[in-house]
Amino acid sequence: MNASTKNPKAPPAGRELIFERLFDAPRALVFKAWTDPKMVAAWWGPRHFTNPLCELDARPGGKILIHMQGPDGAIYPMTGEYREIREPEKIVFFSAVPDGKGGTSFGILTTALFAERGDKTALPLKTQVLKETPAAAPMLAGTLEGWNQSLDKLAGYAAAQAGALVIERTY
């Protein structure tokens with residue numbers, strides 16, 4: 001998995017996390033891996049989680065619905081909405097975790113930037129907690145590790161997809 005990372009040890013004031021990764025894949029592919037439902041389903045979420053439901057309408061105002069399934073079979077739904085899409089440079093989306101009572105436990109604004117670095121892609125990523133309830137604290141405590149594991153999965157997935165592109169070009 002050829003990805004580099006620079007991450008904070010803990011969320012800074014204001015409940016914000018900033019990640020920086022370098023992916024061993026072209027920018028167009030990494031961008032698509034964030035907007036194509038089948039591709040997102042392949043890497044989204046922590047290790048050992050799957051995404052049996054992944055619906056994305058990747059345009060400003062478009063909805064997001066992902067059901068992550070944990071190793072124990074529990075389903076963790078996430079809803080959201082795209083705020084900005086600038087292919088292949090930028091994605092901004094709001095995501096929320098339903099509280100089971102018609103509201104949300106917490107909501108996060110995520111900004112992902114995609115920059116070419118030769119045949120690789122630099123990805124600065126910022127997440128900001130915009131809304132949270134006291135019940136959300138245990139879930140939010142895992143945000144740093146959850147994002148790191150998701151980005152690790154994306155690094156492997158993107159590198160494998162980029163390798164498949166190179167193999168296809170040689171035939």
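# Pocket, cavity and cores of a predicted model

The lining of the largest pocket is made up of 15 nonpolar residues and seven polar ones, with no charged residue among them. The structure is a predicted model. Its protein chain holds four helices and nine strands. The points below cover the pocket, the cavity, the nonpolar cores, and several individual residues.

**Largest pocket**

- The volume of the largest pocket is about 610 Å³.
- The lining comprises 22 residues, and those closest to the centre of the pocket are Pro46, Met68, Val97, Phe106 and Met139.
- Two or more lining residues come from each of the strands β5 (75-86), β6 (90-98) and β7 (104-113), and from each of the helices α3 (137-141) and α4 (143-170).

**Chain overview**

- In sequence order the elements run β-β-α-α-β-β-β-β-β-β-β-α-α.
- The protein chain has 171 residues, and 40% of them count as buried.
- Among contacts in the protein chain with a separation of 6 or more, 45% are between residues 24 or more positions apart.
- The protein chain exposes about 9,100 Å², of which carbon and sulfur atoms supply 56%.

**Largest cavity**

- The count of cavities of 30 Å³ or more comes to one.
- The largest cavity has a volume of about 70 Å³.
- Its lining consists of Trp34, Val40, Trp44, Leu56, Ile64, Ile66, Met78, Tyr82, Ile91 and Phe93.
- By class, the cavity lining has ten nonpolar residues, no polar and no charged.
- Strands β4 (63-69), β5 and β6 each give at least two residues to the cavity lining.
- Strands β5 and β6 also each give two or more residues to the lining of the largest pocket.

**Nonpolar cores**

- The largest nonpolar core has 34 residues, and the members that touch the most others are Trp34, Trp43, Trp44, Ile66, Phe114, Leu151 and Leu154.
- Helix α4 contributes the largest share of this core, with eight residues.
- A second, separate core has six residues, including Val97, Ile108, Val129 and Leu140.
- Val97, a member of the second core, is also one of the residues closest to the centre of the largest pocket.
- Trp34, Trp44 and Ile66 belong to the largest core and also line the largest cavity.

- Helix α1 (residues 27-35) is largely enclosed by the rest of the structure, because seven of its nine residues are buried.
- The buried residues of α1 are Arg27, Leu29, Val30, Phe31, Ala33, Trp34 and Thr35.

- Ser150 is part of helix α4.
- The relative accessibility of Ser150 is 5%, so Ser150 counts as buried.
- With neighbours within four places in sequence left aside, Ser150 contacts Trp43, Trp44, Gly45 and Pro46.
- Trp43 and Trp44 are members of the largest nonpolar core, and Pro46 is among the residues closest to the centre of the largest pocket.
- Ser95 lies in strand β6.
- Ser95 also counts as buried, because its relative accessibility is 10%, under the 20% cut-off.
- With neighbours within four places in sequence left aside, Ser95 contacts Met78, Thr79, Gly80, Phe106, Gly107 and Ile108.
- Of these contacts, Met78 lines the largest cavity, Phe106 is one of the residues closest to the centre of the largest pocket, and Ile108 belongs to the second core.

**Backbone features**

- Most residues other than glycine have a negative phi, and most peptide bonds are trans.
- The peptide bond between Glu87 and Pro88 is cis, with omega about -5°.
- His48 has a positive phi, near 70°, and is not a glycine.
- His48 is located in the loop between α2 (37-43) and β3 (50-56).
- The relative accessible area of His48 is 66%, so His48 is exposed.

- Ile18 and Pro124 are 106 residues apart along the chain, and their C-alpha atoms are separated by 7.2 Å.
- Ile18 is in strand β2 (residues 16-23).
- Ile18 counts as partly exposed, at 39% relative accessibility.

Methods. Residues numbered from 1 in each chain as written. Predicted model: local features only at pLDDT ≥ 70, side-chain atom pairs only at ≥ 80, totals over all residues. Heavy atoms only, no water. 1 Å grid on protein atoms, 1.4 Å probe; cavity = no way out; pocket = protein on both sides within 12 Å on 5 of 7 lines; lining within 4 Å. Points joined across faces, edges and corners; volume = space filled by probe spheres on them. Nonpolar A, V, L, I, M, F, W, Y, C, P; charged D, E, K, R; others polar. Buried < 20%, exposed > 50% of the residue type's maximum accessible area, 1.4 Å probe, protein only. Contact = heavy atoms within 4.5 Å. Areas by Shrake-Rupley, 256 points an atom, 1.4 Å probe, with all protein chains shown as cover. Core = buried A, V, L, I, M, F, W, Y, C linked by side-chain atoms within 4.5 Å.
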